[in-house]
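Subject: Structure for you to look at

Hello,

Here is the structure you will be working with. Please open it before you read the notes.

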Amino acid sequence: MLGLVALGGAIGTAVRALLAEAFPAHAGISWTILAINVFGAFCLGVLLEALAHRGPDVGRRRTFRLFVGTGVLGGFTTYSTLADDTAQLLDAGHWTAGGGYALLTVVLGLLAVGAGVLLAGAVRPKRAVRSKGAAR
Amino acid sequence: MNTLELVLVAVGGGVGAALRFLLDGLVKARVTGFPLGTLVINVSGSLVLGLLTGLGQAGTIPLQSVAVLGTGMMGGYTTFSTASVETVQLLRSGKPRLAVLNGLGMLVVSVGAAALGLWLGRNT
(Lines give C-alpha, C1' and ligand atoms only; values in the text may rest on other atoms or scores of the structure.)
Protein backbone atom coordinates (compact mmCIF):
# COMPACT_ATOMS: atom_id res chain seq x y z
CA MET A 1 0.00 0.00 0.00
CA LEU A 2 2.85 2.38 0.84
CA GLY A 3 4.32 1.79 -2.63
CA LEU A 4 0.97 2.55 -4.29
CA VAL A 5 0.61 5.80 -2.34
CA ALA A 6 4.18 6.77 -3.29
CA LEU A 7 3.61 5.94 -6.98
CA GLY A 8 0.37 7.94 -7.02
CA GLY A 9 2.05 10.81 -5.20
CA ALA A 10 4.89 10.84 -7.75
CA ILE A 11 2.40 10.99 -10.65
CA GLY A 12 0.32 13.76 -9.05
CA THR A 13 3.42 15.78 -8.15
CA ALA A 14 4.85 15.47 -11.68
CA VAL A 15 1.60 16.72 -13.25
CA ARG A 16 1.46 19.64 -10.79
CA ALA A 17 5.11 20.55 -11.48
CA LEU A 18 4.56 20.47 -15.26
CA LEU A 19 1.40 22.61 -15.04
CA ALA A 20 3.06 25.09 -12.66
CA GLU A 21 5.98 25.44 -15.06
CA ALA A 22 3.75 25.82 -18.13
CA PHE A 23 1.57 28.47 -16.45
CA PRO A 24 3.82 30.38 -14.01
CA ALA A 25 2.70 32.76 -11.27
CA HIS A 26 1.87 36.40 -12.03
CA ALA A 27 2.81 39.05 -9.45
CA GLY A 28 3.38 36.35 -6.82
CA ILE A 29 -0.06 34.81 -7.30
CA SER A 30 -0.23 31.35 -8.87
CA TRP A 31 -3.66 30.87 -10.37
CA THR A 32 -2.35 27.52 -11.58
CA ILE A 33 -1.85 26.27 -8.02
CA LEU A 34 -5.28 27.63 -7.09
CA ALA A 35 -6.89 25.78 -10.02
CA ILE A 36 -4.93 22.59 -9.21
CA ASN A 37 -6.00 22.70 -5.56
CA VAL A 38 -9.67 23.43 -6.30
CA PHE A 39 -9.88 20.82 -9.08
CA GLY A 40 -8.10 18.25 -6.90
CA ALA A 41 -10.48 18.93 -4.01
CA PHE A 42 -13.45 18.45 -6.39
CA CYS A 43 -12.04 15.14 -7.66
CA LEU A 44 -11.36 13.86 -4.12
CA GLY A 45 -14.91 14.84 -3.09
CA VAL A 46 -16.33 12.86 -6.04
CA LEU A 47 -14.02 9.90 -5.44
CA LEU A 48 -14.59 9.44 -1.71
CA GLU A 49 -18.34 9.97 -1.93
CA ALA A 50 -18.69 7.62 -4.91
CA LEU A 51 -16.65 4.93 -3.12
CA ALA A 52 -18.69 5.37 0.08
CA HIS A 53 -21.91 4.81 -1.94
CA ARG A 54 -20.49 1.56 -3.31
CA GLY A 55 -19.61 -0.10 -0.01
CA PRO A 56 -17.16 -0.24 2.90
CA ASP A 57 -13.54 0.88 2.59
CA VAL A 58 -11.98 -2.55 2.05
CA GLY A 59 -10.30 -4.56 -0.71
CA ARG A 60 -10.26 -3.03 -4.20
CA ARG A 61 -12.11 0.10 -3.06
CA ARG A 62 -9.45 0.82 -0.40
CA THR A 63 -6.63 0.13 -2.85
CA PHE A 64 -8.20 2.51 -5.39
CA ARG A 65 -8.78 5.19 -2.72
CA LEU A 66 -5.17 5.00 -1.51
CA PHE A 67 -3.70 5.11 -5.04
CA VAL A 68 -5.92 7.81 -6.58
CA GLY A 69 -7.06 9.75 -3.49
CA THR A 70 -4.17 9.66 -1.03
CA GLY A 71 -1.53 9.26 -3.74
CA VAL A 72 -2.37 11.03 -7.01
CA LEU A 73 -4.74 13.73 -5.72
CA GLY A 74 -2.76 14.18 -2.49
CA GLY A 75 0.42 14.74 -4.48
CA PHE A 76 -1.33 16.82 -7.16
CA THR A 77 -2.72 19.31 -4.64
CA THR A 78 -0.46 21.15 -2.23
CA TYR A 79 -0.95 23.11 0.95
CA SER A 80 2.67 24.15 1.49
CA THR A 81 2.89 26.12 -1.79
CA LEU A 82 -0.36 27.91 -0.93
CA ALA A 83 1.02 28.83 2.52
CA ASP A 84 4.47 29.76 1.17
CA ASP A 85 3.14 31.94 -1.68
CA THR A 86 0.73 33.65 0.74
CA ALA A 87 3.52 34.26 3.29
CA GLN A 88 5.70 35.82 0.55
CA LEU A 89 2.85 38.10 -0.59
CA LEU A 90 2.21 39.20 3.00
CA ASP A 91 5.95 39.66 3.59
CA ALA A 92 6.14 41.92 0.52
CA GLY A 93 3.32 44.04 1.97
CA HIS A 94 0.60 42.75 -0.37
CA TRP A 95 -1.87 42.02 2.41
CA THR A 96 -5.03 42.20 0.30
CA ALA A 97 -3.62 39.99 -2.45
CA GLY A 98 -2.14 37.47 0.01
CA GLY A 99 -5.16 37.26 2.29
CA GLY A 100 -7.55 37.24 -0.65
CA TYR A 101 -5.65 34.54 -2.52
CA ALA A 102 -5.45 32.25 0.53
CA LEU A 103 -9.08 32.71 1.59
CA LEU A 104 -10.37 32.37 -1.98
CA THR A 105 -8.48 29.08 -2.37
CA VAL A 106 -9.85 27.62 0.86
CA VAL A 107 -13.46 28.71 0.19
CA LEU A 108 -13.39 27.49 -3.43
CA GLY A 109 -11.89 24.21 -2.19
CA LEU A 110 -14.78 23.65 0.19
CA LEU A 111 -17.34 24.54 -2.50
CA ALA A 112 -15.57 22.17 -4.91
CA VAL A 113 -15.77 19.30 -2.41
CA GLY A 114 -19.47 20.08 -1.88
CA ALA A 115 -20.06 20.04 -5.65
CA GLY A 116 -18.16 16.76 -5.92
CA VAL A 117 -20.23 15.18 -3.14
CA LEU A 118 -23.46 16.29 -4.86
CA LEU A 119 -22.31 14.99 -8.25
CA ALA A 120 -21.35 11.60 -6.79
CA GLY A 121 -24.72 11.47 -5.02
CA ALA A 122 -26.57 12.22 -8.27
CA VAL A 123 -24.94 9.36 -10.13
CA ARG A 124 -24.84 6.83 -7.29
CA PRO A 125 -25.60 3.22 -8.29
CA LYS A 126 -29.28 2.19 -8.05
CA ARG A 127 -28.41 -1.02 -6.22
CA ALA A 128 -26.92 0.92 -3.28
CA VAL A 129 -29.96 3.23 -3.16
CA ARG A 130 -32.32 0.26 -3.06
CA SER A 131 -30.40 -1.55 -0.33
CA LYS A 132 -30.30 1.64 1.73
CA GLY A 133 -34.08 2.02 1.26
CA ALA A 134 -34.62 -1.59 2.33
CA ALA A 135 -32.60 -1.03 5.47
CA ARG A 136 -34.94 1.73 6.66
CA MET B 1 12.80 21.75 -16.08
CA ASN B 2 14.54 18.90 -17.92
CA THR B 3 13.53 15.24 -17.75
CA LEU B 4 15.97 14.38 -14.95
CA GLU B 5 14.70 17.27 -12.80
CA LEU B 6 11.10 16.24 -13.43
CA VAL B 7 11.87 12.66 -12.40
CA LEU B 8 13.61 13.85 -9.22
CA VAL B 9 10.68 16.16 -8.39
CA ALA B 10 8.29 13.23 -8.93
CA VAL B 11 10.40 10.94 -6.71
CA GLY B 12 10.37 13.66 -4.06
CA GLY B 13 6.58 13.83 -4.36
CA GLY B 14 6.33 10.06 -3.98
CA VAL B 15 8.47 10.09 -0.83
CA GLY B 16 6.43 13.00 0.55
CA ALA B 17 3.12 11.24 -0.12
CA ALA B 18 4.41 8.06 1.58
CA LEU B 19 5.51 10.10 4.62
CA ARG B 20 2.05 11.71 4.76
CA PHE B 21 0.36 8.29 4.58
CA LEU B 22 2.54 6.92 7.42
CA LEU B 23 2.25 9.97 9.68
CA ASP B 24 -1.52 10.35 9.15
CA GLY B 25 -1.95 6.66 9.97
CA LEU B 26 0.00 7.06 13.22
CA VAL B 27 -2.06 10.10 14.29
CA LYS B 28 -5.42 8.58 13.22
CA ALA B 29 -4.72 5.55 15.44
CA ARG B 30 -4.43 7.86 18.47
CA VAL B 31 -6.73 10.82 17.80
CA THR B 32 -10.36 10.43 16.72
CA GLY B 33 -13.01 13.08 16.08
CA PHE B 34 -10.63 15.62 14.55
CA PRO B 35 -8.30 15.19 11.54
CA LEU B 36 -5.17 16.24 13.45
CA GLY B 37 -2.84 14.31 11.12
CA THR B 38 -3.48 16.51 8.06
CA LEU B 39 -3.16 19.65 10.20
CA VAL B 40 0.24 18.57 11.55
CA ILE B 41 1.37 17.55 8.04
CA ASN B 42 0.31 20.80 6.36
CA VAL B 43 1.76 23.06 9.07
CA SER B 44 5.10 21.21 9.24
CA GLY B 45 5.31 21.00 5.43
CA SER B 46 4.64 24.73 5.11
CA LEU B 47 7.42 25.45 7.62
CA VAL B 48 9.89 23.29 5.70
CA LEU B 49 8.89 24.73 2.28
CA GLY B 50 9.29 28.25 3.68
CA LEU B 51 12.72 27.30 5.01
CA LEU B 52 13.80 25.77 1.67
CA THR B 53 12.47 28.79 -0.28
CA GLY B 54 14.31 31.18 2.05
CA LEU B 55 17.54 29.18 1.78
CA GLY B 56 17.17 29.18 -2.02
CA GLN B 57 16.55 32.94 -2.15
CA ALA B 58 19.62 33.55 0.01
CA GLY B 59 21.70 31.37 -2.31
CA THR B 60 22.54 28.94 0.51
CA ILE B 61 21.18 25.94 -1.41
CA PRO B 62 20.81 25.51 -5.20
CA LEU B 63 17.37 26.14 -6.75
CA GLN B 64 17.29 22.52 -8.03
CA SER B 65 17.27 21.37 -4.39
CA VAL B 66 14.36 23.73 -3.68
CA ALA B 67 12.48 22.18 -6.62
CA VAL B 68 13.10 18.55 -5.59
CA LEU B 69 12.66 18.95 -1.82
CA GLY B 70 10.13 21.82 -1.93
CA THR B 71 7.92 21.50 -5.03
CA GLY B 72 8.43 17.73 -5.00
CA MET B 73 8.70 16.35 -1.50
CA MET B 74 6.86 19.03 0.50
CA GLY B 75 4.28 19.41 -2.27
CA GLY B 76 3.59 15.67 -2.16
CA TYR B 77 3.73 15.61 1.65
CA THR B 78 1.19 18.40 2.16
CA THR B 79 -2.29 18.14 0.69
CA PHE B 80 -5.05 20.60 -0.01
CA SER B 81 -7.63 18.11 -1.26
CA THR B 82 -7.73 15.99 1.91
CA ALA B 83 -7.79 19.12 4.10
CA SER B 84 -10.84 20.42 2.18
CA VAL B 85 -12.63 17.07 2.31
CA GLU B 86 -12.00 16.75 6.06
CA THR B 87 -13.37 20.26 6.70
CA VAL B 88 -16.53 19.35 4.76
CA GLN B 89 -16.79 16.09 6.75
CA LEU B 90 -16.63 18.07 10.01
CA LEU B 91 -19.42 20.33 8.72
CA ARG B 92 -21.53 17.33 7.66
CA SER B 93 -21.10 15.65 11.04
CA GLY B 94 -22.40 18.77 12.82
CA LYS B 95 -19.10 20.17 14.11
CA PRO B 96 -19.06 23.72 12.69
CA ARG B 97 -16.50 25.05 15.19
CA LEU B 98 -14.03 22.28 14.44
CA ALA B 99 -14.69 22.84 10.72
CA VAL B 100 -13.75 26.52 11.04
CA LEU B 101 -10.70 25.55 13.09
CA ASN B 102 -9.67 23.07 10.39
CA GLY B 103 -10.43 25.41 7.46
CA LEU B 104 -9.31 28.79 8.76
CA GLY B 105 -7.04 27.78 11.65
CA MET B 106 -4.94 25.52 9.41
CA LEU B 107 -4.53 28.36 6.89
CA VAL B 108 -3.44 30.93 9.46
CA VAL B 109 -1.00 28.60 11.26
CA SER B 110 0.43 27.23 7.98
CA VAL B 111 1.04 30.74 6.59
CA GLY B 112 2.66 31.70 9.91
CA ALA B 113 4.84 28.59 9.76
CA ALA B 114 5.84 29.34 6.15
CA ALA B 115 6.68 32.95 7.12
CA LEU B 116 8.83 31.70 10.01
CA GLY B 117 10.57 29.24 7.67
CA LEU B 118 11.21 31.97 5.07
CA TRP B 119 12.72 34.24 7.73
CA LEU B 120 14.91 31.45 9.11
CA GLY B 121 16.05 30.45 5.61
CA ARG B 122 16.86 34.01 4.51
CA ASN B 123 18.81 34.72 7.72
CA THR B 124 20.80 31.50 7.98
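Predicted model: local features only at pLDDT ≥ 70, side-chain atom pairs only at ≥ 80, totals over all residues.

Residues are numbered from 1 along each chain as its sequence is written, and chains are lettered from A and ligands numbered from 1 in the order in which they are written.

Chain B has five helices and zero strands. Helices (H or I, at least four residues) and strands (E, at least two) are DSSP runs, numbered from the N terminus. The C-alpha atoms of chain B fill a box of roughly 50 × 30 × 25 Å along the principal axes. Of the 124 residues in chain B, 56% are buried; buried means that 20 or more other C-beta atoms, placed from the backbone, lie within 10 Å of the residue's own.

Helix α3 of chain B (residues 63-77) is largely enclosed by the rest of the structure, because 12 of its 15 residues are buried. Among them are Val66(B), Leu69(B), Met73(B) and Tyr77(B). The buried residues of α3(B) pack against α1 (3-28) and α2 (36-57) of chain B, and also against α1 (2-22), α3 (59-76) and α4 (80-91) of chain A.

Between the chains, 43 residues of chain A are in contact with 43 residues of chain B (contact: C-beta atoms, placed from the backbone, within 7 Å). On the side of chain A that touches chain B, α1(A) gives the most, with 13 residues.

Regards

Conventions
Contact = placed C-beta atoms within 7 Å.
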